[in-house]
Amino acid sequence: MPSNKSVSDAQIFQFTNCRILRSHQLQREDLWVREGKILNPEKLFFDEKGSADIQLDCKDSIIAPGFIDVQINGGFGVDFSLATDDVQSGISLVSQKILSHGVTSFCPTLVTSPPAVYHKVLPQISIRNGGPHGAGILGAHLEGPFISKEKKGAHPEHYLSTFELGAFQDLLATYRHLDCVRIVTLAPEMKRSSEVIQELTRRGICVSLGHSVANLSQAEEAVRHGATFITHLFNAMLPFHHRDPGIVGLLTSDQIPSRRRVFYGMISDGIHTNPAALRIAHRAHPKGLVLVTDAIAGMGLAPGRHTLGQQVVEVDGLNTYIAGTRTLSGSVATMDSCVRHFLEATGCTVETALEAASLHPAQLLGIEHRKGTLNYDNDADFLLLDNSLHVRATYIAGERVWSQDTFTI
Ligand SMILES: [Zn+2]
């Protein structure tokens, strides 16, 4: 009889006694893994006549794809927007610590900063796979400086910028390095933004609309030019108005290309968005909802004073304010807590809550053929969770990279 080794020498793992999230449903099936990828057991049985080398009892866990955080400014005392000589070690610390919150890939995010900060920090960020060393890095998210003064939120006004004669060249002069950049948040009402959106899109960089006073038609035009994301919906944009719903109106717009799906980030921490507003967004456009933490350096630490780029931030419980003001500035929420809050606030299904932190961000970045699902041949980045969606263990490329002390399999 042919052995397991006919195709590959790698060990075959069979995760049993679990419900796995596949095709938008929790299904009582086993999860098979080989060489860091999800394996199709039918091919294994019938084509290779193979079987598992190692069986693991998941103790009735839910298995979901690893979470993907496309907006995280730092955490555990690290602020990605600070220009140090050793950005790598800060990113490494955060990437290691977020494993316990179920994040297996992320986009380190920089808030509006002087050009010198981008010039120093961006060359030190490299796209890399995850593993025992920490979550994978999908590329940087640059939020600003091409945003609206009126909706600057926690961004320092002094460093905001506009597109002048150079348009895209102005952006290039500001950031200098685009190799590692995955997402740029900008305000679409700025003059010459259309050219910039088209050029970023042409280069495969995702354009997100945010910190903006754009009306709906300006937002629709930006989408027609290639924008696909909205940065933290409701926060730092015009409030919904029935005669001109602004960027929020993109959720139900019929003036955008028919096959184009607009995604939108939600900070589901119970602070940034009232649960009723979260429900409105979710019910209007469930397939576009992407949970983000927008976490800052204070995430994972005791309340106190921390930085967000050039600003000082006061953290009090789950509230984060620019020191001496009531301006919200990022969150201290973790991704797993955002998933649980979203589930509770909207009354959605467990599947829906999990997909908002995995499938949807993967689709936004166009990487759903590799990450964000448990489909066959995808990267075996996944989580074991209990029924209340607390993370029991985190796996990257089939390898356990974190687990609760009390959970052994
Ligand atoms: Zn923001």
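Let me start with the record. UniProt, in an unreviewed entry, places the feature "binding site" at Ala154, Asn235, Ala236, Arg243, His272, Leu328, Ser329 and Gly330. Those residues are spread over 177 residues of sequence, and they are spread in space too, up to 29.7 Å between C-alpha atoms. Keep in mind that this is a predicted model.

Take two of those positions. Asn235 sits in the loop between strand S14 (229–230) and strand S15 (263–267). Is Asn235 buried or partly exposed? It has 17 other C-beta atoms within 10 Å, so Asn235 is partly exposed. Setting aside residues up to four places away in sequence, Asn235 touches Gly153, Ile267 and His272. His272 is also on the UniProt "binding site" list.

Now Ser329. This one is in the loop between strand S19 (319–322) and helix H8. Ser329 counts as buried, because it has 26 C-beta neighbours inside 10 Å. The cut-off for buried is 20 or more. Its contacts, leaving aside neighbours within four places in sequence, are Ala154, Ile296, Leu308, Gln311, Val313, Thr320, Tyr321 and Ile322. Ala154 is another position that UniProt lists under "binding site".

Next, the other annotation. Which residue does UniProt list for "active site"? Asp294, again from an unreviewed entry. Asp294 lies in the loop between strand S16 and strand S17 (304–308). With 30 C-beta neighbours inside 10 Å, Asp294 counts as buried. What does Asp294 touch, not counting residues up to four places away in sequence? Gln71, Asn73, His232, Ile267, Gly330 and Ser331. Two links are worth noting. Gly330 is in the "binding site" list from UniProt. And Ile267 is touched by Asn235 as well as by Asp294.

One more loop residue here: Lys151. Lys151 is in the loop between strand S11 and helix H4. Lys151 is partly exposed, with 17 C-beta neighbours inside 10 Å. Its contacts, leaving out neighbours within four places in sequence, are His211, Ser212, Val213, Ala236 and Met237. Ala236 is a "binding site" position in the UniProt record. Lys151 and Val292 are 141 residues apart in sequence, and 19 Å apart in space, C-alpha to C-alpha.

On to helix H8. H8 covers residues 335–346, which is 12 residues. From first C-alpha to last, H8 reaches 16 Å, close to the 16 Å expected at 1.5 Å a residue. Which H8 residues are buried? Met335, Asp336, Cys338, Val339, His341, Phe342 and Thr346. After H8 comes Gly347, with a positive phi near 65 degrees.

Look at H7 against H8. Their axes come within 9 Å and cross at roughly 85 degrees. That angle makes H7 roughly perpendicular to H8. Which residues make the contact? From H7: Pro275, Leu278, Arg279 and His282. From H8: Phe342, Ala345 and Thr346. By type, the contact residues divide into four nonpolar, two polar and one charged. Phe342 and Thr346 are also among the buried residues of H8.

In helix H2 (residues 87–97), the buried residues are Gly90, Ile91, Val94, Ser95 and Lys97. They pack against strand S7 (74–75), strand S8 (78–79), strand S9 and strand S10 (136–137).

Last, some backbone details. The peptide bond from Gly144 to Pro145 is cis, with omega near 5 degrees. Pro145 is in the loop between strand S11 (140–143) and helix H4 (168–175). Lys151 is in the loop between S11 and H4 as well.

Arg192 has a phi of about 65 degrees. Arg192 lies in the loop between strand S12 (181–186) and helix H5 (193–202), and it is partly exposed, with 16 C-beta neighbours inside 10 Å. Asp377 has a positive phi near 75 degrees. Asp377 is in the loop between helix H10 (359–364) and strand S20 (382–385). With 11 other C-beta atoms within 10 Å, Asp377 is exposed.

Key. Residues numbered from 1 in each chain as written. Predicted model: local features only at pLDDT ≥ 70, side-chain atom pairs only at ≥ 80, totals over all residues. Helix = DSSP H or I, 4+ residues; strand = E, 2+ residues; numbered from the N terminus. Expected span 1.5 Å × (residues − 1). Buried ≥ 20, exposed ≤ 12 C-beta atoms within 10 Å, placed from the backbone. Axes fitted to C-alpha atoms, helices over the stretch in contact; angles between N-to-C directions. Parallel < 35°, antiparallel > 145°, perpendicular 65-115°, else oblique. Contact = placed C-beta atoms within 7 Å. Nonpolar A, V, L, I, M, F, W, Y, C, P; charged D, E, K, R; others polar. UniProt positions renumbered as here; feature names shortened; annotations may be inferred.
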